[in-house]
Amino acid sequence: MAGASQQIGIQMYTLRDQTERDFLGTLGKVAEMGYRAVEFAGYFGVSAGELRRTLDGLGLAAPSAHVGLDFSSLDNLERALSREIEYAAELGLQYIITPSAPLPENPSMEDVTAVIPFLEKASAMVRAAGMQYGYHNHAYEFAQVEGKAVIDIWLEQIPAEHMLAEFDLGWVHRGGARPVDYVSRYAGRVPLVHIKDFGADNEETDLGQGQVDFGSVFAAAEDSGILYYIVEQEVYAVSSLASAKLALDYFRSLGMS
């Protein structure tokens, strides 16, 4: 099946109720389920060396982490991000992803462009350390400002080699756009995508139970350059672990894991 060569990973934020109690043990459960990759959103005080040894022992790849930025000033951003970069480099990550950026409810073009120096600063620091930098969307980046979506303004004004796009397909859908249009438009710039599903009521649901069109993205994955499908779920019908297993079962049902 098209898309079968991509690795299936999970954003560990999905299992935050588990990781806050037993971070390394939860990684073991993820590997036991059959996931092959993880994306981090915090390390719970574990050293980079210990985490690397744990991942190697479990056979888990760790391509990326979400690292929030301090948007209060460029100096504050640099101080905080430098520590994160040092950890990520020791851990051996390939990508550092900014999970969101602050915008008012009805942003002006000035609001949108004011974010760019922060993203460019983060990018320069990450790239100087030998990693790649990216941005992860929610729905609000699809608001139209002067006739163009915020996310397109950022991706057009920041060079492709400076900032990748980790499209969250569920939030692209919620933003009123077609996920396949975005992974195709930015082909070669989308090594990772988040897999999240929403139902007709716009509420998050277990993977494969909603209305997000993943099939067209899977078919376009090779041409778009997607390497990882990263499951992320924030709402669960039963539990975070049950939803994580259902997500992997969804991929298995398609012959993709």
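Aromatic contacts in a predicted model

Mentor: The UniProt annotation "domain: Xylose isomerase-like TIM barrel", from an unreviewed entry, covers residues 29-253; such annotations may be inferred rather than shown by experiment. This is a predicted model, in which local features need pLDDT of at least 70, side-chain atom pairs count only at pLDDT 80 or more, and totals for chains, interfaces and linings use all residues. Residues are numbered from 1 along each chain as its sequence is written, and side-chain values use heavy atoms, with hydrogens and water left out.

Trainee: How many aromatic pairs does a search of the whole structure find?

Mentor: The search finds 17. Rings of Phe, Tyr and Trp (its six-membered ring) pair if their centres lie within 6.5 Å; planes under 30 degrees apart count as stacked, over 60 as edge-to-face and the rest as tilted. Phenylalanine 167 and tyrosine 186 form a tilted pair, 5.9 Å centre to centre with 45° between the planes.

Trainee: Are phenylalanine 167 and tyrosine 186 buried or exposed?

Mentor: Both are buried, that is, under 20% relative accessible area, whereas exposed is over 50% and partly exposed in between (1.4 Å probe, protein chains only).

Trainee: And which pair is stacked?

Mentor: Tyrosine 229 and phenylalanine 251 are stacked, at 5.8 Å centre to centre and 20° between the planes.

Trainee: Changing topic, what does aspartate 152 touch?

Mentor: Aspartate 152 touches Tyr182, Arg185 and Tyr186, not counting residues up to four places away in sequence; contact means heavy atoms within 4.5 Å. Aspartate 152 is buried, with a relative accessible area of 6%.
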